[in-house]
Amino acid sequence: MEVRVDLRSDTVTMPSPEMRRAIYEAEVGDDVYGDDPSVNELEEKSAEMLGKEAGLFVTSGTQGNLVSMLAHCGRGDEVLVGDRSHIFSSEAGGASVLGGLFLYPIKTDRYGFLEPDVIRAATKPHDYHVPPTRLLCIENTHNQMSGQPLTAEQTHAMADAAREGGMNVHIDGARIFNAAVSLGVDVKELVAPADSATFCLSKGLSCPVGSVVVGRQDFINHARRWRKMLGAGMRQVGVIAAAGIYSLDNMIERLDEDHANAKRLAQGLAEIDGISVDPDNIHSNIVFFQIPPGSGSAISANLKERGILVNAGDPMMRMVTHYGISSEDIDYTLVAMQEHFRAAVAAA
Ligand SMILES: *Cc1c(COP(=O)(O)O)cnc(C)c1O
């Protein structure tokens with residue numbers, strides 16, 4: 001059956017016709033010489049929007065986090081990361097493999113927050129038996145915590161605890177614009193407490209490729225050297241950066257729609273016997289819900305027959321809303337889920 005609703009991730013978004021036009025018309029040059037006007041515009045615009053000095057266009061969020069950690073730290077340094085963070089769980093340990101950095105996981109609360117006392121307790125003393133704790137990484141929105149946005153106050157509290165211990169602060173803001181739209185605040189406020197931040201163009205903003213890192217000029221210069229070493233000094237990459245510029249102008253405010261659809265999805269799922277989810281806890285575009293253990297592959301196979309794609313998480317299943325998913329798609333998915341669970345109950 002043809003795919004009708006793809007809820008696996010917001011990374012599956014396709015460029016709109018207008019975005020493709022921006023790509024078609026992009027002015028380009030050799031970015032390794034600093035000559036690509038579209039890349040320069042995207043980097044400046046990103047820095048301006050996030051209230052930082054400079055920006056760096058990178059190939060992915062993973063690369064953005066990696067060059068940021070490498071630029072903040074030296075070999076043998078320690079980075080505090082949430083134990084449920086993307087950096088710790090889903091980036092192949094790159095900071096350790098390529099940078100000789102020690103990733104120290106600390107407890108994440110159910111809202112994606114890292115308690116200041118937990119940060120303080122994890123900060124190592126000046127003692128040559130232990131690695132110097134140099135950096136705290138914060139994730140906003142928090143993917144595994146159902147897309148929880150962290151407020152500026154929460155971010156300040158975490159950052160203050162890190163600075164007391166002599167650390168810098170990096171925000172993995174893969175979906176920071178979802179957080180800003182959800183909270184109704186300027187994105188600048190959310191990243192103000194941090195030295196650097198990464199955000200993804202390729203998720204809810206619907207670009208085909210890319211992320212941007214922002215921070216102080218000297219930090220960005222350093223990150224640019226690491227990006228070159230990683231083989232990502234790119235040439236006429238303005239064809240991709242043009243999509244990023246388009247998305248920053250046109251794709252942010254509409255994230256509200258994705259959040260409304262996620263809420264609608266969670267409310268419908270909560271009414272199904274056998275599913276556990278708190279719709280009041282859904283504030284952006286990610287819905288994690290609990291299913292009976294062992295039922296994940298049957299659910300995803302059943303949905304696939306109806307043209308609905310989901311990852312077979314078990315017992316926590318995830319659905320992500322995004323550009324291209326309508327409220328009708330949500331209702332279609334809810335009917336499929338209701339019928340699956342009714343049949344499963346009848347068979348039991
Ligand atoms: C998606 C994601 C990233 C980066 O992902 P890439 O696939 O490398 O672009 C980083 N952090 C979080 C929280 C993410 O969800």
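Q: Two strands pair if DSSP finds at least two bridges between them. Which strand pairs with β7 in the parallel sense?

A: Strand β6 (residues 168–172) does, over 3 bridges. Strands (E, at least two residues) and helices (H or I, at least four) are DSSP runs, numbered from the N terminus. This is a predicted model, where local features need pLDDT of at least 70, side-chain atom pairs count only at pLDDT 80 or more, and totals for chains, interfaces and linings use all residues. Residues are numbered from 1 along each chain as its sequence is written, and side-chain values use heavy atoms, with hydrogens and water left out.

Q: Which residue is the bridge partner of Asp 172 in β7?

A: Thr 198.

Q: And which strand pairs with β7 in the antiparallel sense?

A: Strand β8 (residues 211–215), over 5 bridges. In that pairing, Ser 211 of β8 stands opposite Cys 200.

Q: How many residues of β7 are buried?

A: 5 of the 5, across residues 196–200, so β7 is largely enclosed by the rest of the structure. Buried means under 20% relative accessible area, exposed over 50%, and partly exposed in between (1.4 Å probe, protein chains only).

Q: Which residues are on each side of β7?

A: Ser 196, Thr 198 and Cys 200 are on one side. Ala 197 and Phe 199 are on the other. Both faces are covered.

Q: How many disulfides does the structure hold?

A: 0. Cys 73 is in none either, with its nearest cysteine sulfur, that of Cys 137, at 7.6 Å.

Q: Is Cys 73 buried or exposed?

A: Buried, with 11% relative accessible area.

Q: New topic, the ligand. Which residues are around it?

A: Ser 60, Gly 61, Thr 62, Asn 65, His 86, Glu 91, Glu 139, Asn 143, Asp 172, Ala 174, Arg 175 and Lys 203.

Q: What is the shell like by class?

A: It has 1 nonpolar, 6 polar and 5 charged residues. Here Ala, Val, Leu, Ile, Met, Phe, Trp, Tyr, Cys and Pro count as nonpolar, Asp, Glu, Lys and Arg as charged, and the others, Gly among them, as polar.

Q: How much of the ligand's accessible area does the protein cover?

A: 85% of the 380 Å² that the ligand has on its own. Those areas come from the Shrake-Rupley method with a 1.4 Å probe; for residues, only the protein chains shown count as cover.

Q: Back to α3. What does the side chain of Ser 68 reach?

A: The backbone oxygen of Gly 64, at 2.7 Å. Ser 68 is in α3 and is buried, at 0% relative accessibility. A polar contact is a pair of N or O atoms within 3.5 Å; within protein, one must be able to donate a hydrogen and the other to accept it, and residues adjacent in sequence count only if both atoms are side-chain atoms.

Q: Where is Gln 148, and which side chain does it join in a polar contact?

A: Gln 148 is in the loop between β5 and α7. Its side chain has a polar contact of 2.6 Å with that of Asn 281. Gln 148 is buried, at 5% relative accessible area.

Q: Which bond joins Asn 140 and Thr 141?

A: A cis peptide bond, with omega about -5 degrees. Thr 141 is in the loop between β5 (133–139) and α7 (152–164). Another cis peptide bond joins Asp 314 and Pro 315, with omega about 0 degrees.

Definitions and conventions:
Near = heavy atom within 4 Å. Disulfide = S-S within 2.5 Å.
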